[in-house]
Amino acid sequence: MSYSPERQRSNGLAKHGARALGSAVLVLSVTAVMWVLETVDYVANGWFDRFGIDPWNVNDLPDIFTAPFMHAGFGHLIANTVPFLILGFIAATRGIAKFLVASLIVIVVGGLGVWFTSSANTLGSSILIFGFFGYLLGRGVFERRLVDIAIAVGVVAVYGTMLLGVLPSDPAISWQGHLFGLIGGVVGAWALRRRPEKPAVADLP
């Protein structure tokens, strides 16, 4: 069955539209969960803050999976919401399945990095935000497709000053979470990159 160029273009636009819609719903849903958690935390006088990363506490290792979704107050959450929405949406539109795997890699690499190097209880979605930033940059480098390169350049142009956040400056800000989240994003982009197809080898008689 053959398709006209117009039909193929229409199918392509529908596919991209569905992916964009799915990405928006996913990122908005996670953001909504973070706001609900912070609201409950506020009512409970900071009870959820215990689910941050407590360095060098073996019993606290599972909290590397909860810490990126907790925040130290509404001010902290408000500051993270917009970059989380924008970078998360862009990252998800490059493939939702890969985005979920990359997010898991960011959480593990970023969380373990904080656990090994920090000296204070750490929580906040900035681990994921810097991870999305690193993931988008990494895709531009490893995928070498025009669209990914353009996205990487655009992300740097708008959010490039974020890189200053990986440097120790304010004791109240976890530069470790920023640094290792960024590293996790780059690792995710490398691990999920497209592999070149191996040329077919004909069987010899």
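Predicted model: local features only at pLDDT ≥ 70, side-chain atom pairs only at ≥ 80, totals over all residues.
**Entry 1: the nonpolar patch.** I looked up which residues make the nonpolar surface patch, and found W56, L112 and F116. The patch comes to about 330 Å². I placed F116 in helix α3, which runs over residues 96–117. F116 has 45% relative accessibility, so I noted it as partly exposed; the cut-off for exposed is over 50%.

**Entry 2: W56.** I then turned to W56 as a member of that patch. I found W56 in the loop between α1 and α2. Its relative accessibility is 54%, so W56 goes down as exposed. I also checked the backbone: W56 is not a glycine, yet its phi is positive, at about 65°.

**Entry 3: N45.** I looked up N45 and found it in the loop between α1 (5–43) and α2. N45 is another residue other than glycine with a positive phi, here near 60°.

**Entry 4: α2 and α5.** How do the axes of helix α2 and helix α5 cross? I read a crossing angle of roughly 170°, with the axes coming within 12 Å. Angles over 145 degrees count as roughly antiparallel, so I recorded α2 as roughly antiparallel to α5. For the ranges, α2 covers residues 74–93 and α5 covers residues 146–159. I listed the contacts next. From α2, the residues are V82, P83, I86, L87 and I90. They meet I151, V155 and Y159 in α5.

Notes: Residues numbered from 1 in each chain as written. Heavy atoms only, no water. Patch = residues over 30% accessible without salt bridge, like charges linked within 9 Å, V, L, I, M, F, W, Y side chains within 5 Å. Areas by Shrake-Rupley, 256 points an atom, 1.4 Å probe, with all protein chains shown as cover. Salt bridge = Lys/Arg side-chain N within 4 Å of Asp/Glu carboxyl O. Helix = DSSP H or I, 4+ residues; strand = E, 2+ residues; numbered from the N terminus. Buried < 20%, exposed > 50% of the residue type's maximum accessible area, 1.4 Å probe, protein only. Axes fitted to C-alpha atoms, helices over the stretch in contact; angles between N-to-C directions. Parallel < 35°, antiparallel > 145°, perpendicular 65-115°, else oblique. Contact = heavy atoms within 4.5 Å.
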